[in-house]
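Welcome! Take a look at the sequence and the 3D structure below, and then we will walk through the ligand and the spaces inside the protein.

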Amino acid sequence: MPTKNTSIHGEWSSRLAFILAAAGSAVGLGNIWKFPYMAGDNGGGAFVLIYLICIVLLGLPIMMAEVMLGRRGRQSPINTMKTLCEQENTSHAWRLLGWGGVVAGVLILSYYSVIAGWSLSYVLESSSGTFKSITETQAGKLFADLIASPLTLIFWHTLFMVMTIFVVARGVSNGLETAVKYLMPSLAVLILVLIGYSLSQGSFMLGVEFMFTPDFSKINEQVLLDAMGQAFFSLSLGMGAIMIYGSYLSQHASIARTSFAVAFADTSIAILAGLAIFPIVFAYQLEAGQGPGLIFNTLPLAFGQMPGGVFFGTLFFVLLVFAAWTSSISLIEPAVAWLVERRGLTRTKASVVCGVFTWLVGLGTVFSFNIWQSYTLFGKTVFDMLDFLTSNIMLPLGGLFIAIFVGWSMRESSVKDEIAIQNPTLYSLWRVLVRYVTPVAVFIIFLHVIGLI
Ligand code: PHE
């Protein structure tokens with residue numbers, strides 16, 4: 001029996017700290033910015049239903065598997081996989097899983113930071129009263145002008161990257177823990193305020209109907225792949241973020257219960273965000289399927305009308321920035337931890353190196369909204385490409401391999417020892433999901449998309 005590994009980067013002070021940090025990673029732009037527009041683009045109810053199924057059948061079991069791998073290896077994803085391969089006597093090729101995660105994290109952060117930059121700029125707009133009695137056309141123009149200006153986007157993108165590097169450089173519990181404790185609950189409250197507005201002013205029932213009446217004829221490859229990708233993206237799965245957070249988790253915490261809490265919080269916030277946004281979309285007869293600009297074109301209308309709108313609007317975008325911040329930290333953490341372990345860099349140096357590199361890659365996304373708008377491949381801009389490649393391909397593939405590694409490659413005794421699910425029925429259920437259901441489902445969706453079935 002191999003001895004337990006320990007982490008050189010520190011440990012969470014408590015189980016709650018892990019839940020908060022993992023929820024901080026999971027809850028982000030994915031819930032509030034991306035989920036609504038993905039649902040809007042994919043016709044609403046059908047997408048939401050498949051998304052929820054993916055969360056329960058794929059997301060939750062893989063999250064438990066990923067946390068477990070992290071806690072067992074206790075290093076950056078690359079070295080965790082290396083150590084586990086040695087301890088489990090399996091092929092070293094599994095290390096690629098860690099590498100894939102590091103690359104995916106950098107690619108995601110490169111565009112994530114640009115979108116978080118939009119949110120930063122909306123903090124300024126909101127606090128200076130720009131949204132007061134704003135019309136649909138004005139709101140549309142405000143957003144269009146923002147993304148048309150490369151320099152403005154670069155400014156906000158830079159600011160957000162600096163914020164991210166700053167926290168990552170300070171390390172696990174100093175930086176990460178304090179940030180999430182107060183901000184996550186405040187964000188939930190603010191979304192409830194918005195729902196209150198949608199209830200009183202928006203077309204609430206139209207919004208509810210759009211989100212929860214699945215039109216099964218709308219389910220096609222695109223919806224399946226998007227919903228699965230969004231489930232992985234939103235839960236931060238398949239790229240090592242949850243694995244590395246798991247590596248800081250104390251040996252006594254229950255992986256099943258913590259994972260459930262995180263998935264529940266994440267899904268609730270996405271659904272609530274949808275419930276806040278769609279009633280406004282329909283009340284103003286806006287286009288639900290307008291893509292990434294959706295919340296930036298709709299929310300200013302709500303804040304422009306509601307009493308105290310300047311205050312609530314500013315607070316909302318501040319909290320959105322914080323939600324993005326706690327996610328961005330986890331996107332870069334695998335790469336930073338690896339540089340510290342492997343190259344012996346200090347945390348600060350490693351954070352700066354990763355940050356500068358990611359910032360440079362992010363310029364591709366900045367330009368894809370303006371000067372490179374017409375450069376497309378298969379109809380996709382650089383941003384669309386990065387988003388598709390990471391959310392829809394790399395993360396599900398990462399999840400698939402995690403499931404195969406845990407389900408088939410590791411010794412069952414090690415898995416059982418680490419996951420420590422007390423209830424035998426629950427354990428068997430999880431094991432079946434990880435061994436059969438998850439890999440087969442992801443594989444079938446992939447085959448379906450390439451057109452093989
Ligand atoms: N889950 C985050 C969000 O919803 C994004 C993310 C993806 C973070 C993958 C870490 C890893 O915004």
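Which backbone lies 2.7 Å from a nitrogen atom of the ligand? The backbone of Phe233 does, through an N or O atom. Please keep in mind that this is a predicted model, in which local features need pLDDT of at least 70, side-chain atom pairs count only at pLDDT 80 or more, and totals for chains, interfaces and linings use all residues. Residues are numbered from 1 along each chain as its sequence is written, and side-chain values use heavy atoms, with hydrogens and water left out.

**Around the ligand**

- The ligand has 14 residues around it, and Ala26, Gly30, Tyr112, Phe233 and Ser236 come nearest; a residue counts as near if one of its heavy atoms lies within 4 Å.
- Ser234 has a polar backbone atom 3.1 Å from a nitrogen atom of the ligand, and Ser236 brings a polar side-chain atom to 3.0 Å from a ligand nitrogen.
- A polar contact is a pair of N or O atoms within 3.5 Å; within protein, one must be able to donate a hydrogen and the other to accept it, and residues adjacent in sequence count only if both atoms are side-chain atoms.
- On its own the ligand has 330 Å² of accessible area, and the protein covers 100% of this (areas come from the Shrake-Rupley method with a 1.4 Å probe; for residues, only the protein chains shown count as cover).
- Two or more residues of the shell come from each of α1 (15–26), α2 (29–41), α10 (221–234) and α14 (309–343); helices are DSSP runs (H or I, at least four residues), numbered from the N terminus.
- Sorted by class, the shell holds six nonpolar, eight polar and no charged residues. Here Ala, Val, Leu, Ile, Met, Phe, Trp, Tyr, Cys and Pro count as nonpolar, Asp, Glu, Lys and Arg as charged, and the others, Gly among them, as polar.

**The largest cavity**

- The ligand sits in the largest cavity, meaning that more than half of its atoms lie within 2 Å of the grid points.
- On a 1 Å grid over the protein atoms alone, a cavity is a set of points where a 1.4 Å probe fits but cannot get out, while a pocket is an open set with protein on both sides within 12 Å along at least five of seven lines; lining residues have an atom within 4 Å of a point.
- The volume of the largest cavity is about 120 Å³, where volume is the space filled by probe spheres set on the points, and points are joined across faces, edges and corners.
- Its lining has 17 residues, with Ser25, Tyr112, Phe233, Ser236 and Leu331 nearest the centre.
- α14 gives the largest share of this lining, three residues.

**The largest pocket**

- The largest pocket holds about 440 Å³ of space, and Met64, Ala256, Arg257, Ile421 and Leu426 are the closest to its centre among 21 lining residues.
- α3 (45–73) gives the most to this lining, with six residues.
- The lining divides into 15 nonpolar, four polar and two charged residues.

**The second largest pocket**

- About 360 Å³ of space lies in the second largest pocket, which 17 residues line, with Gln222, Asp226, Lys380, Phe388 and Asn392 closest to the centre.
- α16 (382–409) gives the most to the lining of the second largest pocket, with six residues.
- Seven nonpolar, three polar and seven charged residues make up the lining of the second largest pocket.
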